[in-house]
Amino acid sequence: LRRGPAVRSVCERGAERPCTGTMYAYRKAMPRLNKHLDEKWVKHCQQMHRKRLKQMKPAIDNKPPPKYVHLVQNLKKQQMDEERYSQIERDNYLLLDKMSYIMTHPQLLDEKYMGPPVTFGKSLNKEYRKRELMRITEENLQILRRIQHKEPYYNHLEWEEESRRGGGELG
């Protein structure tokens, strides 16, 4: 316990008396009638202080704040979600109905929505493009044959022989 020089302790009996003890040197100068009774009084005051500390209740509220239903359950969001889900269900039902109609009436659907089938005229350029493609393919095959039958310029066997002989240093 720390007490200033002018602090006095009040016990349960209500009597006010200076608390003296061996802890504080300045209290030796304070007058006291009986040394043993004074020490007993100081111990009693300290014991009462410890007892009050043990019985003390916290002054800070550590409990979580109360949970309000209108904050936990967002009713407007739930309502909007339900409306959205019902709209999706309606759309799915309409799509399913249209798909089943398409599956049962395929020939009517093509003419009804897309009109009669469109036939394009023949290309006047078709034969020329076909001949040109054949000519290019034939040239590519000739080039491939020439590449495959050409002897290689570099001989890898000579390179390996040079590296074994020690002549393979670079630079």
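How exposed is arginine 129, in terms of relative accessible area? Arginine 129 is partly exposed at 49%, where buried means under 20% relative accessible area, exposed over 50%, and partly exposed in between (1.4 Å probe, protein chains only).

This is a predicted model, so to speak for local features a residue needs pLDDT of at least 70, side-chain atom pairs count only at pLDDT 80 or more, and totals for chains, interfaces and linings use all residues. Residues are numbered from 1 along each chain as its sequence is written, and side-chain values use heavy atoms, with hydrogens and water left out.

**View 1. The whole chain, 6 helices and 2 strands.** Going along the sequence, the pattern reads β-β-α-α-α-α-α-α; helices (H or I, at least four residues) and strands (E, at least two) are DSSP runs, numbered from the N terminus. The chain exposes about 17200 Å², with carbon and sulfur atoms supplying 58% of that (Shrake-Rupley areas, 1.4 Å probe). Take the contacts (heavy atoms within 4.5 Å) between residues at least 6 apart in sequence: 29% of them join residues at least 24 apart.

**View 2. A positive patch on the surface around Arg129.** Lys122, Lys126, Arg129 and Lys130 gather here, and arginine 129 belongs to helix H5 (residues 126-149). Patch members have over 30% relative accessible area and no salt bridge, with like charges joined within 9 Å. Lys and Arg count as positive, and each charge is placed at NZ of Lys or CZ of Arg.

**View 3. The Asp81–Lys77 salt bridge.** The structure holds 4 salt bridges, each a side-chain nitrogen of Lys or Arg within 4 Å of a carboxyl oxygen of Asp or Glu. In this one, the closest N and O atoms are 3.4 Å apart. The two residues sit 4 apart in helix H3 (residues 75-104), so about one helical turn separates them. Aspartate 81 is partly exposed at 25%, and so is lysine 77, at 48%.

**View 4. Arg135 with two glutamates in helix H5.** Side chains of opposite charge can pair when their charged atoms come close. Arginine 135 bridges to glutamate 132 at 2.3 Å; they are 3 residues apart, so about one helical turn lies between them. Arginine 135 also meets glutamate 139, at 2.6 Å from N to O, this time with a spacing of 4 residues, again about one helical turn. Shared partners join Glu132, Arg135 and Glu139 into one network. Arginine 135 is partly exposed at 39%, as are glutamate 132 at 24% and glutamate 139 at 38%.

Definitions and conventions:
Patch = residues over 30% accessible without salt bridge, like charges linked within 9 Å, V, L, I, M, F, W, Y side chains within 5 Å.
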